[in-house]
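The following explanation is intended to be read beside the sequence and the three-dimensional model. Please keep both in view while reading.

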Amino acid sequence: MVPDISTGGRTYGLLNYLYGPGRRDEHTDPHLVAAWVPELAPDPGRDPSATLKQLTDRLDLPVLALPKDRRPAKHVWHCPVRTAPGDRILTDSEWAEVARRIVRATGIAEDGDDKACRWVAVRHAEDHIHLVATLVREDGRRPRRHQDGIRAQAECRKIEAEFGLQILNGGDRTAAQRPTSAERSKAERAGRAETPRETLREAVRQAVAGAADEEEFFGRLAEAGLRVNKRLAPSGDTLGYKVALPGDRNRDGEPVWFSGSKLAPDLSLPKICRRLDAGPVSDDRDHSNQPGDRVWLPARARRDAVRVAERAADALGGDDDEDAAAQLVGVGELLDAVAQTSPASTRKELGEAARAFERATRSHVRAERVDNRAVRSAARGIIRAGNALGKGEDGGATAMLLSTMVLVAIAAVRWHSAHGHAQQAAASQQAAQHLRAAYRSAATAPMNAMREHGRRLPNPARERHADTIRATLPEHADRLRGEPGWEALTATLDQAERAGNDPAALLKTALEWRELDTADNVTDVLVWRLRRLGKLPATMDSSRTRSGTKAPQQKPRSPEPQPVQTLARTNPTAPRQRGPRR
């Protein structure tokens, strides 16, 4: 059950909408289910002689009794209350009880208070009601509704339990502010799939990802096409900022500005600067490849990010909560960086993953003195490398990174669950689902190429690698042989051997990093770990020695050391293609 409180200044306009047909004729049988005094509240839905003006006048009477200079500008309190999908349909009498409990809990009309605010509850659909109140009591005073949203949420959790409804995750006041019903209505009229608040939140998040300093952050906002207004001190220092979408204006023709803190608690300028001031992010990675290649190659940047993501997963499994919280913030930036530079085949799922994981980056666990420069530098490297092509080495490196990011998201689910962060755990789980979908898309071509290579291996080579797997993973061998990635795993071991690695030692090192129980396909996880540890290409190179021929003998080399536990959309102002409503 979800309450959504907002305030406004037009009682008649709101009632006219609630009793009207709706924007798509979705309102059916609008009527009152409860009121401050039922006998005094005319119901235009059920009484042919009652009018909306009569109901408006009754509700507004305490407001109009005040002198004009004492009347609140926004005197209308509006709270839709909606059951969750799959909940049973409540009766009118049950909704009436819900309404009375919500206005009592929020301070609108407490039990036994005959001077409380006037209010009504309108029902025009099976799954929700609208509470409407005027914010002047009968005695002319204002109601005490401090933290009414939190109190409404708490009361809804009690109602869910008593009524046998789904018990939704409780909040901890670290979530970003949701769009108001007025913002959603305006976006629908403009043909936008999301509100300006949501578009701006994502654009600011992406501008922060891997930014080196305040100047670069504001430069990225301008490059994204946003209107930016800085609040400056007499010294010239920036004290704060607000952003607006071009063309988004209020009824007076002025831009609709949102400060960073109104977009999300961690997007205020002081909190952004706290991230930036933690230390410079590095630009000095050696991304050189072959002569003539760009220095910041997308594939190399993604490969570099894999090790950093592994360290973040280790931190989430450790005992240092501040370190874990800091890594979550960095992982959020890393996801934003990958999403805004991803190819079309994975862009939608990665964008959804980044938006979901944004909720997982904030909790009451503070991480002000912990260093997350490594993961922020990885995000910076990905952005500077530019857009990935989604094929060849780019596609393989993306699949390698996404395979690891799935495990990081699962580690975040466990960490948040252990700390009682229900909403953040659910957000991490949702992000993991989108990451899995993106991984499947990115991994299709490189895994198919590896499987084909594995099928062409001579039988002696295939059996030798199978024996290595059985000896190293005796309890998993039978399961692995039945997975689609078996041939890709044997092909990777063969390629590692011909590159001078010891396959058994490499496989053992890959197993020591992290358990495999949370992996959907163990062979896939092992393939990408082996390729990173053995410094193998992320895709099969057809120019290499023909499969099955004996490679030149090289001195076996030790696998790469294990990580230790230390540590946009191109134009966000453009409306998204509108899709089915969720």
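The paragraphs below treat strands, helices, cores and a loop residue in turn.

This is a predicted model, in which local features need pLDDT of at least 70 and side-chain atom pairs count only at pLDDT 80 or more, while totals for chains, interfaces and linings use all residues. Residues are numbered from 1 along each chain as its sequence is written, and side-chain values use heavy atoms, with hydrogens and water left out.

Helices (H or I, at least four residues) and strands (E, at least two) are DSSP runs numbered from the N terminus. Strand 3 runs antiparallel to strand 5 (residues 119-123), and four bridges join the two. Two strands are said to pair if DSSP finds at least two bridges between them. Within this arrangement, A35 stands opposite V120 of strand 5.

Helix 1 (residues 11-19) has T11, G13, L14, L15, L18 and Y19 as its buried residues. These buried residues pack against strand 3, helix 2 (52-64), strand 4 (76-82), strand 5 and strand 6 (128-134), where contact means heavy atoms within 4.5 Å.

In the loop between strand 6 and helix 4 (148-163) lies R137. Is R137 buried or exposed? Its relative accessibility is 10%, so R137 counts as buried. Apart from its neighbours within four places in sequence, R137 is in contact with P62, D113, K115, A116, C117, R142 and P143.

A further sheet is open and consists of three strands in the order 7-8-9, with antiparallel pairing. Its edge strands, strand 7 (227-232) and strand 9 (258-259), each pair on one side only. Six bridges link strand 7 to strand 8 (residues 238-244) in the antiparallel sense, and R227 has A244 in strand 8 as its bridge partner. Helix 6 (residues 196-208) lies across strand 8 and strand 9, at about 130° to strand 8. Such angles run from 0 to 180 degrees between N-to-C directions, and axes are lines fitted to C-alpha atoms, for helices over the stretch in contact.

Helix 5 (residues 181-189) has the buried residues E183, S185 and A187, and their cover includes helix 6 and strand 9. Just after helix 5, G191 takes a positive phi of about 75°.

Two packed helices are described by the angle between their axes and the distance between the axes. The axes of helix 15 (residues 422-455) and helix 18 (residues 486-498) come within 7 Å and cross at roughly 75°. The two helices are therefore roughly perpendicular, a term that covers angles from 65 to 115 degrees; those under 35 count as roughly parallel, those over 145 as roughly antiparallel and the rest as oblique. On the helix 15 side the meeting residues include M447, M450 and R451, and on the helix 18 side they include E487, A488 and T490.

The largest nonpolar core has 78 residues, and L334, L435, L526 and W528 have the most contacts inside it. A nonpolar core is a set of buried Ala, Val, Leu, Ile, Met, Phe, Trp, Tyr and Cys residues joined through side-chain atoms within 4.5 Å. A second, separate core of 42 residues includes V103, W119, V122 and L131.

Notes: Buried means under 20% relative accessible area, exposed over 50%, partly exposed in between (1.4 Å probe, protein chains only).
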